[in-house]
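Reader: Before we start on the details, please show me the sequence and the model. Then I will ask about it piece by piece.

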Amino acid sequence: MAVLPILTYPDPRLKQVSRPVERVDDAVRAFIADLEETMRAGPAAVGIAAPQVGRLLRIVIVDVSGARRANPDHHGRMVLVNPEIVEWEGLAVGREGCLSVPEYTGNVVRAERITVRALDERGEPREWRCTGYEARAVQHEVDHLDGILFLDRLVSRRTDLFRRRGR
Amino acid sequence: MVTVVGRDRPGIVAALAQALFDAGCNLAEASMIRLAGTFTVMVVVACERDAAGLEAVLRPVAERLGLRVHVDPAAAEPGPAPEPDVRVTVSGADRAGIVARVAGALAEAGVNILDLESAVAEGPRGPIYILHIEGQAARGIGPVREAMAAVAREGIDVSVRPVEPVVG
(Lines give C-alpha, C1' and ligand atoms only; values in the text may rest on other atoms or scores of the structure.)
Protein backbone atom coordinates (compact mmCIF):
# COMPACT_ATOMS: atom_id res chain seq x y z
CA MET A 1 0.00 0.00 0.00
CA ALA A 2 1.19 3.46 -0.78
CA VAL A 3 -0.08 7.01 -0.99
CA LEU A 4 0.41 8.04 -4.61
CA PRO A 5 1.25 11.56 -5.76
CA ILE A 6 -1.81 13.42 -7.07
CA LEU A 7 -1.58 15.23 -10.39
CA THR A 8 -2.73 18.82 -10.23
CA TYR A 9 -4.24 21.04 -12.89
CA PRO A 10 -2.97 22.00 -15.50
CA ASP A 11 -1.23 18.63 -15.85
CA PRO A 12 -2.25 17.52 -19.39
CA ARG A 13 -2.85 13.93 -18.21
CA LEU A 14 -5.96 15.15 -16.38
CA LYS A 15 -7.47 16.02 -19.78
CA GLN A 16 -7.01 12.58 -21.33
CA VAL A 17 -9.58 9.85 -21.81
CA SER A 18 -8.82 6.77 -19.73
CA ARG A 19 -9.04 3.24 -21.17
CA PRO A 20 -11.22 0.44 -19.81
CA VAL A 21 -9.82 -2.18 -17.45
CA GLU A 22 -9.66 -5.49 -19.33
CA ARG A 23 -9.51 -7.80 -16.34
CA VAL A 24 -9.91 -7.07 -12.63
CA ASP A 25 -6.94 -9.05 -11.32
CA ASP A 26 -4.69 -8.83 -8.28
CA ALA A 27 -2.55 -6.12 -9.88
CA VAL A 28 -5.67 -3.99 -10.41
CA ARG A 29 -6.83 -4.69 -6.85
CA ALA A 30 -3.41 -3.67 -5.50
CA PHE A 31 -3.68 -0.43 -7.42
CA ILE A 32 -7.23 0.12 -6.10
CA ALA A 33 -5.86 -0.26 -2.53
CA ASP A 34 -3.23 2.39 -3.24
CA LEU A 35 -5.81 4.65 -4.84
CA GLU A 36 -8.06 4.35 -1.80
CA GLU A 37 -5.19 5.05 0.58
CA THR A 38 -4.39 8.14 -1.47
CA MET A 39 -8.01 9.32 -1.29
CA ARG A 40 -8.17 8.82 2.47
CA ALA A 41 -4.85 10.61 3.00
CA GLY A 42 -6.26 13.70 1.28
CA PRO A 43 -8.17 16.45 3.03
CA ALA A 44 -11.81 15.36 3.30
CA ALA A 45 -12.05 13.80 -0.14
CA VAL A 46 -15.21 11.80 -0.94
CA GLY A 47 -13.85 10.28 -4.13
CA ILE A 48 -10.88 9.76 -6.40
CA ALA A 49 -10.29 8.62 -9.97
CA ALA A 50 -7.32 6.67 -11.32
CA PRO A 51 -6.19 9.37 -13.78
CA GLN A 52 -5.73 11.74 -10.81
CA VAL A 53 -2.66 9.67 -9.92
CA GLY A 54 -1.56 9.38 -13.55
CA ARG A 55 -3.00 5.91 -14.28
CA LEU A 56 -5.27 6.31 -17.29
CA LEU A 57 -7.62 3.47 -16.34
CA ARG A 58 -11.39 3.62 -15.87
CA ILE A 59 -11.42 3.12 -12.09
CA VAL A 60 -12.97 5.39 -9.45
CA ILE A 61 -13.61 5.14 -5.73
CA VAL A 62 -16.41 7.02 -3.97
CA ASP A 63 -17.16 7.07 -0.26
CA VAL A 64 -19.37 9.87 1.03
CA SER A 65 -20.03 8.28 4.43
CA GLY A 66 -17.78 10.83 6.16
CA ALA A 67 -19.53 13.88 4.73
CA ARG A 68 -22.07 15.75 6.83
CA ARG A 69 -24.30 16.31 3.82
CA ALA A 70 -24.25 12.68 2.68
CA ASN A 71 -27.76 11.50 1.86
CA PRO A 72 -28.87 8.78 4.32
CA ASP A 73 -29.33 6.20 1.52
CA HIS A 74 -25.68 6.34 0.42
CA HIS A 75 -23.73 3.15 -0.35
CA GLY A 76 -20.60 3.79 1.72
CA ARG A 77 -17.45 2.64 0.01
CA MET A 78 -17.96 2.11 -3.73
CA VAL A 79 -15.27 0.81 -6.08
CA LEU A 80 -16.36 1.34 -9.70
CA VAL A 81 -14.42 -0.26 -12.54
CA ASN A 82 -15.43 0.74 -16.08
CA PRO A 83 -18.41 2.71 -14.71
CA GLU A 84 -21.22 3.84 -16.95
CA ILE A 85 -23.97 6.20 -15.91
CA VAL A 86 -27.04 4.78 -17.63
CA GLU A 87 -29.83 6.93 -16.18
CA TRP A 88 -30.08 10.57 -15.11
CA GLU A 89 -32.94 12.42 -13.43
CA GLY A 90 -33.37 15.93 -12.10
CA LEU A 91 -30.85 18.76 -11.94
CA ALA A 92 -29.28 20.58 -9.02
CA VAL A 93 -26.59 23.20 -8.50
CA GLY A 94 -23.98 22.22 -5.94
CA ARG A 95 -20.49 23.16 -4.94
CA GLU A 96 -17.49 21.05 -5.91
CA GLY A 97 -13.78 21.02 -5.33
CA CYS A 98 -11.12 18.63 -6.52
CA LEU A 99 -7.94 17.04 -5.17
CA SER A 100 -6.40 18.01 -8.51
CA VAL A 101 -7.52 21.66 -8.26
CA PRO A 102 -6.56 22.59 -4.70
CA GLU A 103 -7.95 25.63 -2.92
CA TYR A 104 -10.76 26.36 -5.34
CA THR A 105 -14.42 25.39 -5.31
CA GLY A 106 -17.20 26.32 -7.67
CA ASN A 107 -20.81 25.61 -8.54
CA VAL A 108 -21.69 22.85 -10.98
CA VAL A 109 -25.01 21.51 -12.26
CA ARG A 110 -25.40 17.73 -11.88
CA ALA A 111 -28.18 15.16 -12.11
CA GLU A 112 -29.89 14.60 -8.75
CA ARG A 113 -30.46 10.87 -9.25
CA ILE A 114 -28.43 8.47 -11.36
CA THR A 115 -28.05 4.78 -12.06
CA VAL A 116 -24.47 3.65 -12.52
CA ARG A 117 -23.31 0.27 -13.79
CA ALA A 118 -19.77 -0.92 -13.16
CA LEU A 119 -17.66 -3.89 -12.20
CA ASP A 120 -16.83 -4.10 -8.52
CA GLU A 121 -13.35 -4.94 -7.28
CA ARG A 122 -14.01 -8.67 -7.74
CA GLY A 123 -14.88 -8.02 -11.37
CA GLU A 124 -18.61 -8.65 -10.83
CA PRO A 125 -21.08 -6.45 -12.73
CA ARG A 126 -23.22 -4.36 -10.39
CA GLU A 127 -25.69 -1.53 -10.51
CA TRP A 128 -26.18 1.29 -7.99
CA ARG A 129 -28.89 3.93 -7.68
CA CYS A 130 -27.37 7.10 -6.24
CA THR A 131 -28.99 10.33 -5.17
CA GLY A 132 -28.01 13.80 -4.02
CA TYR A 133 -24.53 14.27 -2.66
CA GLU A 134 -23.43 10.74 -3.57
CA ALA A 135 -24.79 11.05 -7.13
CA ARG A 136 -22.80 14.28 -7.47
CA ALA A 137 -19.60 12.59 -6.26
CA VAL A 138 -20.02 9.70 -8.73
CA GLN A 139 -20.61 12.11 -11.63
CA HIS A 140 -17.55 14.18 -10.63
CA GLU A 141 -15.33 11.05 -10.57
CA VAL A 142 -16.68 9.49 -13.77
CA ASP A 143 -15.97 12.82 -15.51
CA HIS A 144 -12.27 12.37 -14.66
CA LEU A 145 -12.24 9.18 -16.77
CA ASP A 146 -13.23 11.26 -19.79
CA GLY A 147 -10.70 14.00 -19.09
CA ILE A 148 -13.35 16.39 -17.77
CA LEU A 149 -12.73 18.50 -14.66
CA PHE A 150 -15.40 20.37 -12.71
CA LEU A 151 -13.70 23.50 -14.06
CA ASP A 152 -15.12 22.51 -17.47
CA ARG A 153 -18.64 22.53 -16.04
CA LEU A 154 -18.60 25.62 -13.81
CA VAL A 155 -21.75 27.66 -13.93
CA SER A 156 -21.94 31.36 -13.27
CA ARG A 157 -23.05 32.43 -9.83
CA ARG A 158 -26.04 33.87 -11.65
CA THR A 159 -27.08 30.43 -12.85
CA ASP A 160 -30.04 29.51 -10.77
CA LEU A 161 -32.31 26.59 -11.50
CA PHE A 162 -35.22 28.46 -10.00
CA ARG A 163 -34.85 31.14 -12.60
CA ARG A 164 -34.30 28.65 -15.43
CA ARG A 165 -37.52 26.88 -14.63
CA GLY A 166 -39.28 30.22 -14.54
CA ARG A 167 -38.39 31.05 -18.12
CA MET B 1 -8.98 47.39 -5.19
CA VAL B 2 -10.03 49.05 -8.43
CA THR B 3 -13.69 50.00 -8.86
CA VAL B 4 -14.95 51.01 -12.28
CA VAL B 5 -18.51 51.88 -13.30
CA GLY B 6 -19.94 53.22 -16.51
CA ARG B 7 -22.62 52.84 -19.13
CA ASP B 8 -22.29 49.34 -20.58
CA ARG B 9 -20.71 48.94 -24.00
CA PRO B 10 -18.53 46.33 -25.66
CA GLY B 11 -14.81 46.49 -24.88
CA ILE B 12 -14.72 47.83 -21.33
CA VAL B 13 -13.10 44.73 -19.81
CA ALA B 14 -10.65 44.41 -22.70
CA ALA B 15 -9.52 48.03 -22.45
CA LEU B 16 -9.14 47.96 -18.66
CA ALA B 17 -7.32 44.64 -18.60
CA GLN B 18 -4.96 45.74 -21.38
CA ALA B 19 -4.13 49.02 -19.63
CA LEU B 20 -3.43 47.18 -16.36
CA PHE B 21 -1.34 44.54 -18.13
CA ASP B 22 0.68 47.20 -19.97
CA ALA B 23 1.38 48.84 -16.60
CA GLY B 24 2.74 45.58 -15.17
CA CYS B 25 -0.25 44.90 -12.90
CA ASN B 26 -1.63 41.47 -12.07
CA LEU B 27 -5.37 40.91 -11.77
CA ALA B 28 -6.60 38.68 -8.95
CA GLU B 29 -10.17 38.10 -7.77
CA ALA B 30 -12.72 40.12 -9.67
CA SER B 31 -16.42 40.69 -9.99
CA MET B 32 -17.49 42.26 -13.27
CA ILE B 33 -21.18 42.43 -13.95
CA ARG B 34 -23.80 44.46 -15.76
CA LEU B 35 -26.40 45.93 -13.42
CA ALA B 36 -29.33 47.72 -15.04
CA GLY B 37 -27.38 49.09 -18.00
CA THR B 38 -24.30 50.00 -15.99
CA PHE B 39 -21.22 47.84 -16.21
CA THR B 40 -19.50 47.44 -12.86
CA VAL B 41 -15.99 46.19 -12.21
CA MET B 42 -14.40 45.45 -8.88
CA VAL B 43 -11.00 43.86 -9.15
CA VAL B 44 -8.10 43.23 -6.82
CA VAL B 45 -4.91 44.33 -8.56
CA ALA B 46 -1.37 43.50 -7.48
CA CYS B 47 1.15 46.11 -8.59
CA GLU B 48 4.00 48.30 -7.51
CA ARG B 49 2.11 51.57 -7.96
CA ASP B 50 0.21 53.41 -5.28
CA ALA B 51 -3.47 54.32 -5.61
CA ALA B 52 -2.76 57.61 -7.40
CA GLY B 53 -0.36 55.91 -9.78
CA LEU B 54 -2.93 53.26 -10.64
CA GLU B 55 -5.60 55.87 -11.24
CA ALA B 56 -3.25 57.64 -13.63
CA VAL B 57 -2.75 54.39 -15.54
CA LEU B 58 -6.49 53.97 -15.96
CA ARG B 59 -7.40 57.59 -16.68
CA PRO B 60 -6.99 57.47 -20.48
CA VAL B 61 -9.22 54.38 -20.74
CA ALA B 62 -11.77 55.90 -18.40
CA GLU B 63 -11.98 59.10 -20.44
CA ARG B 64 -12.25 57.25 -23.74
CA LEU B 65 -15.05 54.93 -22.53
CA GLY B 66 -16.85 57.28 -20.15
CA LEU B 67 -16.04 55.34 -16.99
CA ARG B 68 -15.59 56.39 -13.38
CA VAL B 69 -12.58 54.87 -11.68
CA HIS B 70 -11.84 54.62 -8.00
CA VAL B 71 -8.84 52.98 -6.34
CA ASP B 72 -8.66 51.87 -2.72
CA PRO B 73 -5.71 50.25 -0.97
CA ALA B 74 -6.53 46.62 -0.13
CA ALA B 75 -4.57 44.36 2.15
CA ALA B 76 -3.57 41.05 0.62
CA GLU B 77 -5.53 38.18 2.14
CA PRO B 78 -3.31 35.33 3.29
CA GLY B 79 -4.33 31.88 2.05
CA PRO B 80 -7.33 30.88 -0.03
CA ALA B 81 -10.59 32.83 -0.08
CA PRO B 82 -13.11 31.85 2.62
CA GLU B 83 -15.57 29.19 1.51
CA PRO B 84 -19.31 29.55 2.01
CA ASP B 85 -21.05 26.92 4.13
CA VAL B 86 -24.64 28.11 3.76
CA ARG B 87 -26.77 29.16 0.82
CA VAL B 88 -29.96 31.17 1.30
CA THR B 89 -32.43 31.79 -1.49
CA VAL B 90 -35.28 34.23 -0.99
CA SER B 91 -38.08 35.01 -3.39
CA GLY B 92 -41.45 36.65 -3.29
CA ALA B 93 -43.55 39.55 -4.47
CA ASP B 94 -41.27 42.57 -4.65
CA ARG B 95 -41.72 44.92 -1.76
CA ALA B 96 -39.68 47.48 0.08
CA GLY B 97 -37.39 46.25 2.83
CA ILE B 98 -36.89 42.59 1.89
CA VAL B 99 -33.11 42.86 1.78
CA ALA B 100 -32.96 44.74 5.07
CA ARG B 101 -35.22 42.19 6.74
CA VAL B 102 -33.30 39.16 5.44
CA ALA B 103 -29.81 40.61 5.92
CA GLY B 104 -30.66 41.76 9.43
CA ALA B 105 -31.91 38.30 10.39
CA LEU B 106 -28.84 36.67 8.87
CA ALA B 107 -26.46 39.01 10.69
CA GLU B 108 -28.17 38.21 13.98
CA ALA B 109 -27.86 34.49 13.21
CA GLY B 110 -24.10 34.88 12.83
CA VAL B 111 -23.87 34.81 9.04
CA ASN B 112 -21.08 36.62 7.24
CA ILE B 113 -22.30 37.23 3.68
CA LEU B 114 -19.63 36.38 1.10
CA ASP B 115 -21.73 36.76 -2.02
CA LEU B 116 -25.12 38.31 -2.64
CA GLU B 117 -26.88 38.78 -5.90
CA SER B 118 -30.43 39.77 -6.53
CA ALA B 119 -32.74 40.41 -9.42
CA VAL B 120 -36.25 41.65 -10.01
CA ALA B 121 -38.19 39.61 -12.57
CA GLU B 122 -41.49 40.63 -14.12
CA GLY B 123 -44.10 38.06 -13.16
CA PRO B 124 -47.68 37.90 -14.50
CA ARG B 125 -48.92 39.29 -11.19
CA GLY B 126 -46.29 41.95 -10.69
CA PRO B 127 -42.58 41.99 -10.02
CA ILE B 128 -40.91 39.08 -8.25
CA TYR B 129 -37.85 39.65 -6.13
CA ILE B 130 -35.14 36.96 -6.09
CA LEU B 131 -32.21 37.05 -3.67
CA HIS B 132 -29.38 34.58 -3.60
CA ILE B 133 -26.87 34.66 -0.75
CA GLU B 134 -23.84 32.54 0.08
CA GLY B 135 -22.17 33.00 3.42
CA GLN B 136 -20.37 31.57 6.39
CA ALA B 137 -22.49 30.68 9.39
CA ALA B 138 -20.28 31.25 12.43
CA ARG B 139 -22.71 29.47 14.77
CA GLY B 140 -23.76 26.72 12.37
CA ILE B 141 -26.82 26.36 10.20
CA GLY B 142 -29.33 25.86 13.06
CA PRO B 143 -29.69 29.55 14.00
CA VAL B 144 -29.87 30.44 10.30
CA ARG B 145 -32.81 28.08 9.75
CA GLU B 146 -34.58 29.53 12.79
CA ALA B 147 -34.02 33.11 11.68
CA MET B 148 -35.22 32.40 8.15
CA ALA B 149 -38.25 30.48 9.39
CA ALA B 150 -39.33 33.70 11.10
CA VAL B 151 -38.89 35.58 7.82
CA ALA B 152 -40.87 32.90 5.95
CA ARG B 153 -43.82 33.43 8.30
CA GLU B 154 -44.06 36.94 6.87
CA GLY B 155 -45.00 35.52 3.46
CA ILE B 156 -41.59 35.38 1.83
CA ASP B 157 -40.32 32.11 0.31
CA VAL B 158 -37.00 31.18 1.87
CA SER B 159 -34.73 28.20 1.39
CA VAL B 160 -31.68 27.54 3.57
CA ARG B 161 -29.29 24.85 2.42
CA PRO B 162 -25.88 23.81 3.70
CA VAL B 163 -23.00 24.07 1.27
CA GLU B 164 -20.53 21.22 1.52
CA PRO B 165 -18.41 20.82 -1.55
CA VAL B 166 -17.98 17.40 -3.13
CA VAL B 167 -14.19 17.11 -3.19
CA GLY B 168 -12.80 14.31 -5.30
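Reader: Which residue meets A:Glu36 in a salt bridge?
Author: A salt bridge here is a side-chain nitrogen of Lys or Arg within 4 Å of a carboxyl oxygen of Asp or Glu. At 2.9 Å, N to O, this pair qualifies. The partner of A:Glu36 is A:Arg77.

Reader: How far apart in sequence are the parts that this pair ties together?
Author: A:Glu36 lies in helix H1 of chain A, and A:Arg77 in the loop between strand S2 (59-62) and S3 of chain A. Helices (H or I, at least four residues) and strands (E, at least two) are DSSP runs, numbered from the N terminus. The pair therefore ties together parts that are 41 residues apart.

Reader: What are the ground rules for this model?
Author: This is a predicted model, where local features need pLDDT of at least 70, side-chain atom pairs count only at pLDDT 80 or more, and totals for chains, interfaces and linings use all residues. Residues are numbered from 1 along each chain as its sequence is written, chains are lettered from A and ligands numbered from 1 in the order in which they are written, and side-chain values use heavy atoms, with hydrogens and water left out.

Reader: Is A:Glu36 buried or exposed?
Author: Buried means under 20% relative accessible area, exposed over 50%, and partly exposed in between (1.4 Å probe, protein chains only). A:Arg77, at 37%, counts as partly exposed. A:Glu36 has a relative accessible area of 13%, so it is buried.

Reader: Which salt bridge does B:Arg34 form, and what does it tie together?
Author: B:Arg34 pairs with B:Asp8, with the closest N and O atoms 2.8 Å apart. B:Arg34 lies in strand S2 of chain B and B:Asp8 in the loop between S1 and H1 of chain B, so the pair ties together parts that are 26 residues apart in sequence. B:Arg34 is partly exposed at 48%, and B:Asp8 is partly exposed at 28%.

Reader: Which residues do salt bridges that share partners join into one network?
Author: The structure holds 22 salt bridges over all chains. Some share partners. The network joins A:Glu36, A:Arg40, A:Asp63, A:Arg77 and A:Glu121.

Reader: How many residues apart are A:Arg29 and A:Asp26 in helix H1 of chain A?
Author: These two form a salt bridge, with the closest N and O atoms 2.9 Å apart. An α-helix has 3.6 residues a turn, so residues three or four places apart point the same way. A:Arg29 and A:Asp26 are about one turn of the helix apart, that is, three residues.

Reader: Where is A:Asp120, and what is it in contact with?
Author: A:Asp120 sits in the loop between S4 and strand S5 (125-131) of chain A. At 5% relative accessibility, A:Asp120 counts as buried. Contact means heavy atoms within 4.5 Å. Leaving aside neighbours within four places in sequence, the contacts of A:Asp120 are A:Val24, A:Val79, A:Val81 and A:Arg126.

Reader: Which bond joins A:Tyr9 and A:Pro10?
Author: A:Pro10 belongs to the segment before helix H1 (26-41) of chain A. Omega is about 10 degrees. The bond between A:Tyr9 and A:Pro10 is a cis peptide bond.

Reader: What is the phi of A:Glu103?
Author: A:Glu103 lies in strand S4 (residues 101-119) of chain A. A:Glu103 is exposed, with a relative accessible area of 62%. Although A:Glu103 is not a glycine, its phi is positive, about 65 degrees.

Reader: What span should helix H2 of chain B have?
Author: Helix H2 of chain B has 15 residues (51-65). The expected span is 1.5 Å times one less than the number of residues.

Reader: Where in H2(B) does the kink lie?
Author: The bend at a residue is the angle between axes fitted to the seven residues ending there and the seven starting there. In H2(B) the kink is about 40 degrees. It comes shortly before the proline B:Pro60, at B:Leu58.

Reader: What covers the buried residues of H2(B)?
Author: The buried residues of H2(B) include B:Leu54, B:Leu58 and B:Leu65. Their cover includes strand S1 (2-7), helix H1 (12-22), strand S3 (38-46) and strand S4 (67-71) of chain B.
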